[in-house]
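Here are some notes for a colleague who is opening this entry for the first time.

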Amino acid sequence: VKFADESPMPPVELAKQLEYPDAPDTDYNTKPAPAFADAVNARTISPEQMETITAHIAALREKAKTGDISIGDAINLAIHEEMLRDPTTTIHAEDLQAGSSYDIPKLTQQTYGRIRAADEIIDEGHFIGKALGEAMNGYRPIVELMNTNFGIFGMAEISSAGNTFATTGGQFDMPMTIVGAGGTAPNQALGAEHSQPFHAYVMGIPGLKICTAASPDAAYGITKSMIRDNGPCFLFAPVKMMKESKGTLELDKCAPLNKAALLHEASADNVASGNAVTVLTYLHGVKEAQLVTDEIMEEGFDIDLIELRSLKPLDMDTIRKSLERTHKICILDESTQSGGVGATVSARISEELFDLLDAPVKRLCMDDAPVPYASTMEVAVVKRGSDLVQGVFDLCTGQY
């Protein structure tokens with residue numbers, strides 16, 4: 001007590017310094033691999049296992065070069081590269097040995113054994129808690145959730161992961177990566193329980209870095225960075241695009257965890273005539289927006305299409321740069337009207353970029369009602385490309 005009484009109070013700046021162990025703008029490409037990696041791999045992975053996984057990685061890298069790799073396979077490739085790079089990396093998943101639903105943990109247990117790659121019981125709180133303990137003791141656990149909505153049963157553990165670095169005064173890092181398929185696509189037909197916006201539910205947890213990836217390249221680069229990050233990270237991939245979305249990868253490259261991506265830029269003529277709109281979206285919204293971009297242009301309008309790859313921290317610089325051109329913004333949001341991602345983003349824009357707006361922020365978000373299974377009902381809840389076409393038209397014609 002005497003020591004505490006005589007010690008100075010912590011400075012106010014410390015609160016923000018304890019938000020993340022690694023700064024949001026960290027370049028993960030510069031982080032060195034452990035010097036002991038080769039020795040540990042040689043001791044723990046048999047020649048036969050190494051031959052199998054080397055061939056598997058080579059096959060995936062070839063797919064990455066030809067543009068035939070899926071989002072699930074891209075994450076699987078990133079995981080294997082990082083588990084070989086750093087033998088302190090572990091992974092937990094249900095149906096892990098069988099590759100789970102999207103092959104994300106494929107061949108991990110067969111390569112690294114049952115201690116580093118654990119096939120878990122159907123209890124997300126249990127194995128997220130295991131990962132939390134591993135992270136506090138020098139390991140880098142990955143948790144694959146199959147469908148991210150299953151993480152609802154591990155909310156207490158996810159919350160603890162986000163707070164641990166701060167509550168221990170920076171004494172314990174929390175290098176834990178949670179990854180899975182989520183979101184709500186039009187005509188998803190997965191029902192209410194499997195169609196919840198869990199990405200919105202966790203945004204209020206302090207200390208989490210939360211990203212989305214609607215392409216194999218984004219999923220690959222973000223996964224590699226998250227595994228190297230010393231704090232808790234959560235990657236959401238679009239559940240209905242895990243196998244259908246194919247592309248090339250920028251191999252061996254870590255992606256930033258704090259940046260959005262400009263996928264389509266409105267023409268200078270449409271910007272000058274006031275017929276351009278900034279569109280913010282993520283997950284399945286990216287595909288929906290890309291499917292209707294030509295239709296929007298045929299109507300005489302255009303869009304700056306921005307994928308929100310980082311939900312937290314939010315890349316306000318990219319949003320600002322686009323708004324300085326278009327002065328109108330529409331959010332195609334895969335979460336509910338109340339407490340959703342779009343609500344947070346809209347508030348930030350209204351508070352920080354109000355002078356750039358020529359019209360109110362247009363939110364195209366899910367209704368607060370549970371997502372129906374029947375497509376005839378679901379259309380009333382989940383927004384899609386046709387809603388975006390109407391939203392851009394309304395903004396450009398002054399119909400707010």
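Which element gives the largest share of the lining of the second largest pocket? The answer is α10, with five residues.

This is a predicted model, in which local features need pLDDT of at least 70 and side-chain atom pairs count only at pLDDT 80 or more, while totals for chains, interfaces and linings use all residues. Residues are numbered from 1 along each chain as its sequence is written, and side-chain values use heavy atoms, with hydrogens and water left out.

1. Second largest pocket. A pocket is an open set of points on a 1 Å grid over the protein atoms alone, with protein on both sides within 12 Å along at least five of seven lines; lining residues have an atom within 4 Å of a point. The volume here, the space filled by probe spheres set on the points, is about 210 Å³. The lining has 14 residues, and Asp217, Ala218, Ala255, Pro256 and Arg309 are the closest to the centre.

2. Largest pocket. This one has a volume of about 320 Å³. Its lining has 16 residues, with Lys312, Pro313, Leu314, Asp315 and Arg348 nearest the centre. At least two lining residues come from each of β12 (310-312), α13 (316-326) and α14 (341-352); helices (H or I, at least four residues) and strands (E, at least two) are DSSP runs, numbered from the N terminus.

3. Cavity. There is one cavity of 30 Å³ or more, a cavity being a set of points where a 1.4 Å probe fits but cannot get out. The largest cavity holds about 90 Å³ of space. Among its 14 lining residues, Gly285, Leu332, Asp333, Glu334 and Lys383 lie nearest the centre.

4. Helix α7. The 12 residues of α7 (residues 124-135) should span 16 Å at 1.5 Å a residue, and the end C-alpha atoms are 16 Å apart, which agrees; the expected span is 1.5 Å times one less than the number of residues. Its buried residues (under 20% relative accessible area, 1.4 Å probe, protein chains only) include Phe127, Ile128 and Leu132. The buried residues of α7 pack against β2 (89-93), β4 (140-147) and α8 (155-167).

5. Cores. A nonpolar core is a set of buried Ala, Val, Leu, Ile, Met, Phe, Trp, Tyr and Cys residues joined through side-chain atoms within 4.5 Å. The largest has 46 residues, and Leu77 is one of those with the most contacts inside it. The largest share of this core, eight residues, comes from α5.

Technical notes
Buried means under 20% relative accessible area, exposed over 50%, partly exposed in between (1.4 Å probe, protein chains only). Contact means heavy atoms within 4.5 Å.
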